[in-house]
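User: I'm new to this structure. Could you take a close look at how one part of it, the helices towards the end of the chain, packs?

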Amino acid sequence: AQFNYWNPELVKVRTQELLKVVSLADAIRCDMAFLVTNDLIASNWGKELSSWGYTRPSTEFWQQAIATVRSQYPDTIFLAEVYNNQGYLQQLGFDYTYDKDLYDRLNWGNLDQLRDYLWNTSPQYLQHTAHFVENHDEPRAASFFGSWWRADAAALVSFTLPGMRFHYMGQWDGLTKRLDIHLRRAPAEPAVSDVQQMYSSLLNITQDDVFHSGS
């Protein structure tokens with residue numbers, strides 16, 4: 001089913017659902033958040049919605065919903081799963097957006113492309129991105145990057161940058177078998193002690209204030 005975010009009544013209902021979730025959690029990860037932006041809705045459903053009498057809203061759903069939530073829960077953290085126009089989602093009020101650009105460049109293994117991305121990306125933007133080397137949608141880091149030591153190198157880059165450090169269960173153990181979130185289990189496998197030691201050191205290092213308030 002496709003929700004009609006150009007329907008003011010739906011916006012009210014969905015905002016109330018957000019408020020219910022926020023009453024139980026300090027932070028919210030919004031799945032595929034960019035799919036409900038007005039430009040994307042207009043591109044995919046604009047003709048149909050127009051024929052049904054709906055007009056494009058003057059503001060974005062997220063802009064309204066986040067403002068409403070923050071009026072009651074001002075410290076709520078919003079994370080957007082988004083793969084393009086990340087800066088726009090940040091402008092709408094998201095504290096953090098996925099940094100898939102960094103993730104892909106780390107996998108490509110081209111140092112010039114990685115340097116170019118980091119050199120030309122503003123610190124302000126990076127401070128509002130979530131850096132990861134694996135998550136429930138992606139392969140295990142040790143598999144994706146080809147080895148646990150290459151995954152560790154990617155982690156060192158990702159988790160020493162400004163922004164959110166977005167970790168996943170089993171990542172610190174160097175696991176290679178993907179966790180099926182529908183089954184909520186994965187095949188058993190031994191942890192890699194070298195990976196565990198690396199993360200123990202990395203987490204200790206990144207407790208330093210420079211990684212939280214430095215520039």
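Analyst: Let's start with a term: a residue is buried when its relative accessible area is under 20%, exposed when over 50%, and partly exposed in between, using a 1.4 Å probe and protein chains only. Buried residues make up 38% of the 215 residues here. This is a predicted model, where local features need pLDDT of at least 70, side-chain atom pairs count only at pLDDT 80 or more, and totals for chains, interfaces and linings use all residues. Residues are numbered from 1 along each chain as its sequence is written, and side-chain values use heavy atoms, leaving out hydrogens and water.

The protein has 11 helices and 5 strands; these are DSSP runs (H or I, at least four residues, for helices; E, at least two, for strands), numbered from the N terminus.

Now for helix α10, residues 193-205. (The expected span is 1.5 Å times one less than the number of residues.) Buried in α10 are Val195, Met198, Tyr199 and Leu202. Looking down the axis, they fall within an arc of 95°, so they line one face of the helix; the arc is that of the directions from the helix axis to the C-beta atoms. Helix α9 is included in what covers them, with contact meaning heavy atoms within 4.5 Å.

Helix α9 (residues 148-158) also meets α5 (residues 100-108): their axes come within 10 Å and cross at roughly 145°. Those axes are lines fitted to C-alpha atoms over the stretch in contact, and angles run from 0 to 180 degrees between N-to-C directions. Leu102, Leu106, Asn107 and Trp108 of α5 make the contact with Arg150, Ala154, Val157 and Ser158 of α9.
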